[in-house]
Amino acid sequence: MNLKKIAAERAAEYIQDGMMVGLGTGSTAYFAICRLGERVREGLQIQAVATSEASDKLAREWGIPIIPFDQIGRLDITIDGADEVDPDFNLIKGGGGALLREKIVAANSDKLIIVADGSKAVQQLGQFPLPVEVVPFASEWTFQALEKLGCRPEWRMNEDERYLTDNGNLIADCRMESIVNAAELNVQLNMLPGVVDNGLFVDMADTVILAKDDGSIDER
Ligand code: 5RP
């Protein structure tokens with residue numbers, strides 16, 4: 001039983017003719033894009049914006065019309081995955097490195113639907129290392145500033161090289177004891193010069209669809 005597929009395909013049912021859709025990134029969003037691709041082939045008419053080069057490529061392969069973000073006003077619905085979801089629907093995202101475009105797209109969507117298997121539900125955020133997108137310029141200075149905030153950052157690597165996002169930036173994966181106040185940490189991180197954005201999505205998700213171990217869906 002593929003729990004990610006179950007959650008993602010449920011979310012795809014929300015999409016109707018004429019909608020502007022945000023396409024998330026990752027192994028769960030993958031199934032939502034495939035399902036929407038199937039529906040497009042059956043006649044569903046949508047336009048979409050992708051949150052990563054990988055999702056853009058996948059959507060185009062399915063024939064989903066992709067348009068540049070600057071050509072749209074608002075998106076109706078975005079479907080995306082998450083690395084952690086707390087009881088207030090605050091999220092950690094960015095395990096797939098796409099947090100910046102994901103946050104921009106989410107912020108411009110009328111409805112953000114998060115899809116995940118049940119293991120992503122946590123009581124408190126912070127077990128998953130928080131991804132922080134950092135500009136390469138003065139990156140060591142930014143790394144130290146993250147340490148001073150109480151994080152234990154590690155540069156994300158791609159074999160022997162530092163991982164680069166679709167925007168040409170670095171990712172510092174930041175371990176911490178737990179995140180007691182996600183809203184405050186989100187602001188503190190984003191105030192650091194050199195930090196582009198971070199993977200805390202505070203008060204952004206509208207609906208969370210979790211597929212539980214027995215295949216049933218917890219949808220709130
Ligand atoms: C990518 C993300 C993903 O949505 C998140 O990492 C979850 O991925 P997956 O569905 O593969 O578990 O934020 O930047």
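Visitor: Where is the place of A138?
Guide: A138 lies in the loop between strand 7 and helix 5 (139-148). Helices here are DSSP runs of H or I with at least four residues, strands are runs of E with at least two, and both are numbered from the N terminus. This is a predicted model, in which local features need pLDDT of at least 70 and side-chain atom pairs count only at pLDDT 80 or more, while totals for chains, interfaces and linings use all residues. Residues are numbered from 1 along each chain as its sequence is written.

Visitor: Why is A138 called partly exposed?
Guide: A residue is buried if 20 or more other C-beta atoms lie within 10 Å of its own, exposed if 12 or fewer, and partly exposed in between, with C-beta atoms placed from the backbone. A138 has 13 other C-beta atoms within 10 Å, so it is partly exposed.

Visitor: What makes the phi of A138 worth a remark?
Guide: Its phi is positive, about 60°, although A138 is not a glycine. Most residues other than glycine have a negative phi. E159 is also not a glycine and has a positive phi, of about 55°. E159 sits in the loop between strand 9 (157-158) and strand 10 (161-162).

Visitor: Why is E159 called exposed?
Guide: E159 has 5 other C-beta atoms within 10 Å, and the limit for exposed is 12 or fewer. E159 is therefore exposed.

Visitor: What makes E102 a marked position?
Guide: UniProt, in an unreviewed entry, places the feature "active site" at E102. UniProt positions are given in the numbering used here, feature names are shortened, and annotations may be inferred rather than shown by experiment. In the model, E102 belongs to helix 4 (residues 99-107).

Visitor: Why is E102 called buried, and what is E102 in contact with?
Guide: E102 has 32 other C-beta atoms within 10 Å, so it counts as buried. Leaving aside neighbours within four places in sequence, E102 is in contact with G24, T25, T51, D80 and K93. Contact means that the C-beta atoms of two residues, placed from the backbone, lie within 7 Å.

Visitor: How do you know that strand 7 is largely enclosed?
Guide: Five of the five residues of strand 7 (residues 130-134) are buried, so the rest of the structure largely encloses this strand. L130, V132 and V134 are buried on one side, and P131 and E133 on the other. In a regular strand the side chains alternate between the two faces of the sheet.

Visitor: Which strands does strand 7 join through bridges?
Guide: Five bridges join strand 7 to strand 11 (residues 170-175), running antiparallel, and V134 has L170 as its bridge partner there. Three bridges join strand 7 to strand 12 (residues 195-198), again antiparallel, where N198 is the partner of V132. Two strands pair if DSSP finds at least two bridges between them.

Visitor: What makes V132 stand out in the largest nonpolar core?
Guide: V132 is one of the residues with the most contacts inside that core, which has 56 residues. A nonpolar core is a set of buried Ala, Val, Leu, Ile, Met, Phe, Trp, Tyr and Cys residues joined through C-beta atoms within 7 Å. Not counting residues up to four places away in sequence, V132 touches L146, I171, A172, C174, L189, V195 and N198.

Visitor: Which residues of helix 3 are buried, and why are they said to lie on one side?
Guide: S55, D56 and A59 are buried in helix 3 (residues 53-62). They cover an arc of only 105° around the axis, so they are on the same side of helix 3. The arc is that of the directions from the helix axis to the C-beta atoms. The face turned away from the buried side carries the exposed residues K57 and E61. Strand 1 (20-23), helix 2 (29-41) and strand 2 (47-50) are among what covers the buried residues of helix 3.

Visitor: How many helices and strands are in the chain, and why is it called as compact as a globular protein?
Guide: The chain has six helices and 15 strands. Its radius of gyration is 17 Å, close to the 17 Å that the globule rule gives for 220 residues, so the chain is as compact as a globular protein of that length. The radius is taken over C-alpha atoms, and the rule is 2.2 Å times the number of residues to the power 0.38. Buried residues make up 46% of the 220 residues.
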